[in-house]
Amino acid sequence: MDDKYTCYCGLYCENCAVMAKIKPAAKTLYKEMKKAGFEEIVQFIPGGDGFWPFLKDMAEKGTCISCKDGSGNPRCAVRACAKEKGVTMCALCDSYPCGHFDAFFEGYPMLKQDNQLLREKGMDAWAALQDERRAKGFSYTG
Ligand code: SF4
Ligand code: SF4
């Protein structure tokens, strides 16, 4: 588990589909297209000039740098609140679960148990769960 990927809300970036599924897919697509000679003909394909560097970037750097470094919804109220309060993860906040989590739990039901685990058993148990999921190829959106 890498600290920089722990999101305020309790999600873990490396288990998000953007990192767990899309980045590897971009890598494969880039590699296969390059092997097939796309780089040599890209200039003759409308839109290719924008697409190719974009795909290369996705394959090499990924599309997301982590919630704490600025990826994710730029208007996320949870992040804004946690930063203002100086809270590293909402599960550790005195006001948890606050109203911001009502909609959140509908979209990510497992977040309720995950954050409960963090509150009751601490960071090591939470991190072990994230690592275990990652090793199995898990992503929040399937
Ligand atoms: S931007 Fe908000 S919703 Fe997205 S991972 Fe960060 S805290 Fe969670
Ligand atoms: S009040 Fe606490 S739990 Fe709610 S969003 Fe802000 S930091 Fe997170």
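Two residues are in contact if their C-beta atoms, placed from the backbone, lie within 7 Å. This is a predicted model: local features need pLDDT of at least 70, side-chain atom pairs count only at pLDDT 80 or more, and totals for chains, interfaces and linings use all residues. Residues are numbered from 1 along each chain as its sequence is written, while chains are lettered from A and ligands numbered from 1 in the order in which they are written.

**Helix pair**
- In α6, D114, L117, L118 and K121 meet M123, A125, W126 and L129 of α7.
- This contact of α6 with α7 has 6 nonpolar, no polar and 2 charged residues (Ala, Val, Leu, Ile, Met, Phe, Trp, Tyr, Cys and Pro count as nonpolar, Asp, Glu, Lys and Arg as charged, the others, Gly among them, as polar).
- The axes of α6 and α7 (residues 123–135) cross at roughly 145 degrees and come within 7 Å (axes are lines fitted to C-alpha atoms, for helices over the stretch in contact, and angles run from 0 to 180 degrees between N-to-C directions).
- Helices (H or I, at least four residues) are DSSP runs, numbered from the N terminus.

**Domains**
- Domain 1 covers 1–14 + 68–136, and domain 2 covers 17–63; the bounds come from an automatic or database domain assignment.
- Their centres, taken over C-alpha atoms, are 31 Å apart.

**Core**
- The largest nonpolar core has 18 residues (a set of buried Ala, Val, Leu, Ile, Met, Phe, Trp, Tyr and Cys residues joined through C-beta atoms within 7 Å).
- α4 (77–85) and α6 (110–121) each supply at least two residues of this core.
- C7, Y8, C9, L11, C13 and C90 have the most contacts inside the core.
- Beyond its neighbours within four places in sequence, C13 touches Y5, C7, M19, C64, S66 and C67.

**Ligand shells**
- Around ligand 2 are V78, C81, A82, K85, V87, C90, C93, S95, Y96, C98 and H100.
- Here the classes are 8 nonpolar, 2 polar and 1 charged.

**Backbone exceptions**
- Most residues other than glycine have a negative phi, and most peptide bonds are trans.
- S66 is not a glycine, yet has a positive phi of about 115 degrees.
- S66 lies in the loop between α3 (48–61) and α4.
- S66 counts as buried because it has 20 C-beta neighbours inside 10 Å (buried means 20 or more other C-beta atoms within 10 Å of the residue's own, placed from the backbone).
- Y96 and P97 are joined by a cis peptide bond, with omega about -5 degrees.
- P97 is in the loop between α4 and α5 (101–107).

How values were computed:
A residue is near a molecule or strand if its C-beta atom, placed from the backbone, lies within 6 Å of it. A residue is buried if 20 or more other C-beta atoms lie within 10 Å of its own, exposed if 12 or fewer, and partly exposed in between; C-beta atoms are placed from the backbone.
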